Amino acid sequence: MRTSISSTLAAGGALLALAGCVALPPAGGGTSTEAVEPAPVIPRWDLLADDIARRLANKTRAWPADAPAIHVVPSGASAFHLGLRSLLVTRLRERGVAVAVEPTGVELRVETQLLQSPGSRRAQLLVSTSLENDGRYLARTSDLFAVPAENVSLYLAPEPVSATVLPLVER
């Protein structure tokens, strides 16, 4: 079964990966002669989830009916990660994609990286989506979005809570 799923998606995965990638500007500020367009502002989270679900539903239409369901792997504890995962599971089900509660061997990972420049009024969020099976990428997309400075905290993991244990003293 794994070979069947991998074979079915091998060609489609390459097209999906190419279609969803956004070129990043050259490292170190770059001196490219090409003008670099600013990243679009991140859409509402539900629109982003719907876009990911649409792409994935289109690619999995050719899967055999008895193919394993997709497990959407939790990827972080920020408000964005929690909200996006919840919306993504819902949007996938609405599009008829089989989604598993527990791991099945077919995993959908959504990874993000917040890119900030000192003094900038905006940050950029790199959102990469990978469909994986048996240690291989079946499909992958990467998109870059601008994030207004006032919303940056939504994309960061919460700070760990620290506690101090004090000895109990009897009087």
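Which helix does R91 lie in? R91 belongs to helix α3. The model is predicted: local features need pLDDT of at least 70, side-chain atom pairs count only at pLDDT 80 or more, and totals for chains, interfaces and linings use all residues. Residues are numbered from 1 along each chain as its sequence is written, and side-chain values use heavy atoms, with hydrogens and water left out.

**Fold**

- The protein has three helices and five strands. Helices (H or I, at least four residues) and strands (E, at least two) are DSSP runs, numbered from the N terminus.
- Read from the N terminus, the element order is α-α-β-α-β-β-β-β.
- Of the 171 residues in the protein, 34% are buried. Buried means under 20% relative accessible area, exposed over 50%, and partly exposed in between (1.4 Å probe, protein chains only).
- Among contacts with a separation of 6 or more, 68% join residues 24 or more positions apart. A contact means heavy atoms within 4.5 Å.

**Nonpolar core**

- The largest nonpolar core holds 28 residues. Such a core is a set of buried Ala, Val, Leu, Ile, Met, Phe, Trp, Tyr and Cys residues joined through side-chain atoms within 4.5 Å.
- L48, W63, I70, L88, L92, L108 and L131 have the most contacts inside this core.
- Two or more core residues come from each of α2 (45–60), β1 (70–72), α3 (79–94), β3 (106–116), β4 (122–133) and β5 (136–148). Helix α2 gives the most, with six residues.
- Neighbours within four places in sequence aside, L108 is in contact with L56, I70, H71, V72, V73, L88, L92, T129, S130 and L131.

- A49 sits in helix α2. Its relative accessibility is 0%, so A49 counts as buried.
- Not counting residues up to four places away in sequence, A49 touches L84, L87, L88 and R91.
- A49 and G83 are 34 residues apart in sequence, with their C-alpha atoms 9.4 Å apart.
- R91 is buried, because its relative accessible area is 17%.
- With neighbours within four places in sequence left aside, R91 is in contact with D46, A49, D50 and A53.
- The C-alpha atoms of R91 and D51 are separated by 9.0 Å, and the two residues are 40 apart along the chain.

**Polar and charged residues in the strands**

- H71 is part of strand β1. H71 counts as buried because its relative accessibility is 7%.
- A polar atom of the H71 side chain lies 3.3 Å from the backbone oxygen of V101.
- Residues up to four places away in sequence aside, H71 touches R85, A100, V101, E102, P103, T104, V106, E107 and L108.
- D143 is in strand β5. D143 has a relative accessible area of 12%, so this residue is buried.
- The side chains of D143 and R55 are joined by a polar contact of 3.3 Å. A polar contact is a pair of N or O atoms within 3.5 Å; within protein, one must be able to donate a hydrogen and the other to accept it, and residues adjacent in sequence count only if both atoms are side-chain atoms.

**Backbone**

- D134 lies in the loop between β4 and β5. D134 is not a glycine, yet has a positive phi of about 55°.
- Most residues other than glycine have a negative phi.

**Pocket and cavities**

- On a 1 Å grid over the protein atoms alone, a cavity is a set of points where a 1.4 Å probe fits but cannot get out; a pocket is an open set with protein on both sides within 12 Å along at least five of seven lines; lining residues have an atom within 4 Å of a point.
- Grid points are joined across faces, edges and corners, and a volume is the space filled by probe spheres set on the points.
- The largest pocket holds about 230 Å³ of space. Its lining has 14 residues, and T60, W63, G96, V97 and A98 are the closest to the pocket centre.
- By class, that lining has ten nonpolar, two polar and two charged residues. Ala, Val, Leu, Ile, Met, Phe, Trp, Tyr, Cys and Pro count as nonpolar, Asp, Glu, Lys and Arg as charged, and the others, Gly among them, as polar.
- There are two cavities of 30 Å³ or more. The second largest cavity has a volume of about 60 Å³.
- V72, V73, S75, H81, L84, R85, L88 and V110 line the second largest cavity. Helix α3 gives the largest share of this lining, four residues.
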